[in-house]
Every structure is written in structure tokens, then in C-alpha cells.
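Have the viewer open and follow along.

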Amino acid sequence: MELFFDLVFVFALSQLSHHLLEHLSWLGAGETFVLLLAVYKVWVYTTWSATLLDTSLREVQWMLLIVMLVTLFMNASIDSSFGAFGWLFVACYLAVQLGRGAWMLTAGLDETTHNHFVRTLTWGFMSAPFWIAGVFFDAVPRLMIWGVAAAIDLLGHMLAHRLPGRKTEGSRVPLPGERMFERFGLFYLIALGETILSTGLAIAGNLEDPLIFVTGTVGLAGSIAIWWCYFHSLERDILDKLATVHDHFRPGILAGNTLLMLLAGLILVAAGDQLVISDPSARPELSTVLLLFGGPALFLAGRGIFIRQVLGLRHPTDLIGIGTLAVLAGLSLLLPAFVAAMGALLPLIGVAVADTVIRRRRFKQPIN
């Protein structure tokens with residue numbers, strides 16, 4: 001049921017990357033991030049709510065289906081959210097966030113979790129006036145007002161929805177950490193699937209270009225490298241760490257914060273790959289370079305923060321990878337776009353290889 005619920009967000013991620021491509025500017029990037037934050041908030045809090053409950057119960061399944069329906073219309077309005085249909089995006093977003101939050105208060109939660117959802121709902125009502133007010137303005141002031149709303153939502157998430165004199169004791173929240181992290185991984189896998197979908201569609205539209213075999217291969221290789229860095233090197237370490245700690249709440253909050261960075265990176269990667277495939281031999285514009293190299297850099301930054309904060313490990317490979325991306329980004333302005341794309345891929349491959357070597361050394365059994 002939860003995987004079925006996730007499918008509606010494939011459409012959302014596709015809409016977000018399309019919106020960024022249609023508005024290649026700092027203003028468009030800001031719009032895309034605000035919209036991404038709203039989409040992600042709907043997913044993460046609905047998923048968390050379902051994780052705390054029994055998804056075999058009919059009322060929980062109905063909750064997921066209703067959220068799925070409303071979210072479908074919210075996602076459909078993404079590309080027009082800063083135009084004529086901003087009201088639809090906000091109406092759907094607030095209906096899900098506030099409606100689901102109120103419903104959770106009737107779900108028979110334990111006192112600690114119930115109080116936390118009261119605070120979550122309180123933070124939701126704090127940002128709601130800004131979401132509503134933005135509808136009555138044009139694109140630029142709307143972005144500024146919605147930016148305030150998104151900042152309130154993000155701050156609430158980062159602070160675990162604390163209120164003056166009241167906070168959540170993570171060890172008392174019955175959060176099944178292994179299941180929650182599995183949901184994070186599956187959602188990220190779906191997001192990776194969207195990058196492959198966008199690459200495939202771009203290939204289908206440019207089959208007459210002889211460089212398509214190079215650019216298409218590079219696009220897929222980038223998705224594979226990101227998959228390897230997350231699922232082969234990171235996921236197992238997360239599960240091992242959860243087995244040794246009692247409080248799964250704090251790692252869950254940190255994972256939610258960094259997952260947002262990882263998703264933003266994938267949207268940049270998907271948009272950059274489409275631009276390269278559409279015109280591989282031209283010199284890339286600054287916007288294309290920022291997409292090509294900014295996506296992997298965001299991914300490595302989010303991964304590095306998570307490894308340090310949650311796992312307590314120091315992986316210099318992420319910093320080295322980000323530094324290499326910065327250097328290659330400057331050089332890529334002088335090269336054809338398909339060469340720039342290969343340059344953005346190399347640091348990811350390097351990090352994947354280095355992680356594999358480090359992990360093998362860490363778990364290598366001594367020979368007696």
C-alpha cells in the first residue's frame with residue numbers, strides 16, 4: 001500500500017524537473033525548491049504517520065488513498081503554481097497537511113506521540129497564512145511569501161517541531177527506525193527512477209544525433225553511481241547503526257533533512273542530463289554547468305552530513321568529490337556539453353570506488 005502511495009510522487013518529481021527546465025534562472029530555481037519542499041513535506045509526514053500505525057487497517061489505507069488523490073491534483077498544478085493555479089496547489093497542500101495532522105490526533109496514539117502531532121499541527125497553522133497570502137500576488141512576491149512559509153515548515157522539521165517549553169523526547173517515540181529508513185531508501189529509489197525516465201525520454205527525442213550513445217550512457221552511468229554511493233555504501237551502515245541505539249527519532253529527523261538535499265540533487269541531475277542530450281556538442285551555458293555539477297555536489301554534501309551526524313564517521317571522499325566537481329565545473333565552460341557531462345560523472349565514480357575500498361578494509365577479517 002505504501003509503495004502504491006509513492007507512485008504519485010514519480011509524477012511530482014517529473015513535474016519539478018520540468019518546471020526547472022522551463023524556468024532556467026535563479027528565480028526558477030527558487031520556485032522549484034519551494035515546490036519541492038512542499039511535495040516532500042506531504043510525503044515524509046504521511047509516510048511517518050503510516051509507519052506509526054498499522055497499514056493493514058482500513059482507516060489507514062483510506063487515509064493514504066485520500067492523500068494520494070489530493071496530492072495528484074497538487075502535483076498536477078506544480079507547473080502552473082506560480083501562475084493561475086497557485087490556489088489549487090496551496091489548497092491541496094494545506095488540506096493534506098492540516099487534515100492528516102488533525103486525523104492523527106484521533107488515531108489513538110500514545111501520549112508522547114500525540115503531543116508531538118499537536119505541535120506539528122501548530123507549526124502547520126503558523127505557516128498556513130503565508131501559503132494562503134501568496135496566492136493573491138504575482139510570481140515574484142508570491143515566491144517571497146511562499147519562501148517564508150516554506151522556511152517555517154523547514155525550520156519546524158529541523159527542530160522536531162519544538163515549542164517554547166515543550167519538546168519531544170526521542171527515546172519515548174515508538175518509531176520503527178529500520179522500517180522508516182527502508183521507506184526513505186525506497187522513495188529515493190523512485191526518485192532515481194525518475195532520472196532514468198527523463199534520460200530515456202531525452203534519448204527517444206534525439207535518436208538521430210550520433211552522440212546519443214555517449215550522452216545516454218553517461219546519463220545512466222550517473223544514476224548508477226549515485227545508486228551505488230547510497231545503497232551499496234550507506235544503507236547497510238545505517239541499519240547497523242540503528243541496531244546499536246535506542247533512540248531512532250533523532251536519526252530519523254536528520255535523515256529527513258538530508259533526504260531533501262539528495263532529492264534536490266537528483267532534480268538538478270535530471271534537468272542537466274536532458275539539456276546535454278538535447279545539444280551535446282555545444283558549449284554549455286552557465287545554467288547547464290550548474291545543473292550538471294551542482295546536482296552531484298548536493299548529493300555528496302547531503303550524504304557527507306548524514307554520515308558525519310548520524311553514523312559518526314568521517315569520509316573525506318565526499319569533500320574531495322565536491323572539490324573535484326568545483327574544479328571541473330570551471331573547466332567545463334570551455335568544453336562541449338557531452339565532455340562536461342563526463343567530467344561531472346568522474347567524481348561520482350571516484351567516490352563509489354573509494355567507498356567500496358574503504359568498506360572492504362573496514363570489514364576485512366584478519367587472517368589467522
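Thr215 touches Val276, Ile277, Pro280 and Phe338, leaving out residues up to four places away in sequence; touching, or contact, means heavy atoms within 4.5 Å. Thr215 sits in helix α9 (residues 212–232), and with a relative accessible area of 4% it is buried. Buried here means under 20% relative accessible area, exposed means over 50%, and partly exposed is in between (1.4 Å probe, protein chains only). Helices are DSSP runs of H or I with at least four residues, strands are runs of E with at least two, and both are numbered from the N terminus.

A word on what you're looking at: this is a predicted model, where local features need pLDDT of at least 70, side-chain atom pairs count only at pLDDT 80 or more, and totals for chains, interfaces and linings use all residues. Residues are numbered from 1 along each chain as its sequence is written, and side-chain values use heavy atoms, with hydrogens and water left out.

**Buried spots, one by one**

| Residue | Helix | Relative accessible area |
|---|---|---|
| Thr215 | α9 | 4% |
| Thr32 | α3 | 5% |
| Leu292 | α12 | 5% |
| Phe293 | α12 | 4% |

Which residues does Thr32 contact, once its neighbours within four places in sequence are set aside? They are Leu16, His19, Leu20 and Ile267.

Now to α12. Leaving aside neighbours within four places in sequence, Leu292 is in contact with Gly272, Asp273, Val276, Ala337, Ala340, Ala341 and Ala344. The C-alpha atoms of Leu292 and Ala344 are 6.2 Å apart, although 52 residues separate them along the chain. With the same exclusion, Phe293 contacts Leu325, Leu328, Ala329, Ser332, Ala340, Gly343 and Ala344.

**Helix α13**

The expected span is 1.5 Å times one less than the number of residues. Its buried residues are Thr317, Asp318, Gly321, Leu325, Ala329 and Ser332. Looking down the axis of α13, these fall within an arc of 110°, so they line one face of the helix; the arc is that of the directions from the helix axis to the C-beta atoms. Turned away from that buried side are the exposed residues Leu319, Ile320, Ala326 and Val327.

Helix α4 (residues 58–76) has 19 residues and reaches 27 Å from its first C-alpha to its last, close to the 27 Å expected. Val60, Met63, Leu64, Val67, Met68, Thr71, Met74 and Asn75 are its buried residues. Down the axis of α4 they fall within an arc of 135°, so they line one face. On the other side, Arg58 and Trp62 are exposed. The buried residues of α4 pack against α1 (2–6), α2 (8–22), α3 and α5 (86–104).

As for α5, its 19 residues reach 27 Å from first C-alpha to last, close to the 27 Å expected. Buried residues in α5 include Phe89, Tyr93, Gln97, Arg100 and Met104. The buried residues of α5 pack against α3, α4, α6 (111–134) and α7.

**Core and pocket**

The largest nonpolar core has 97 residues, and those with the most contacts inside it are Phe9, Trp43, Trp131, Phe184, Tyr188, Leu259 and Phe299. Its largest share, 14 residues, comes from helix α3 (residues 26–52). A nonpolar core is a set of buried Ala, Val, Leu, Ile, Met, Phe, Trp, Tyr and Cys residues joined through side-chain atoms within 4.5 Å. Phe299 touches Tyr188, Ile226, Cys229, Tyr230, Leu262 and Leu348, not counting residues up to four places away in sequence.

How many residues line the largest pocket? The lining has 28 residues, of which Trp26, Ala29, Ala264, Leu268 and Leu298 lie nearest the centre. Elements giving two or more residues to this lining are α3, α7 (139–158), α11 (249–278) and α12 (286–309), with the largest share, nine residues, from α12. A pocket is an open set of points on a 1 Å grid over the protein atoms alone, where a 1.4 Å probe fits, with protein on both sides within 12 Å along at least five of seven lines; lining residues have an atom within 4 Å of a point.
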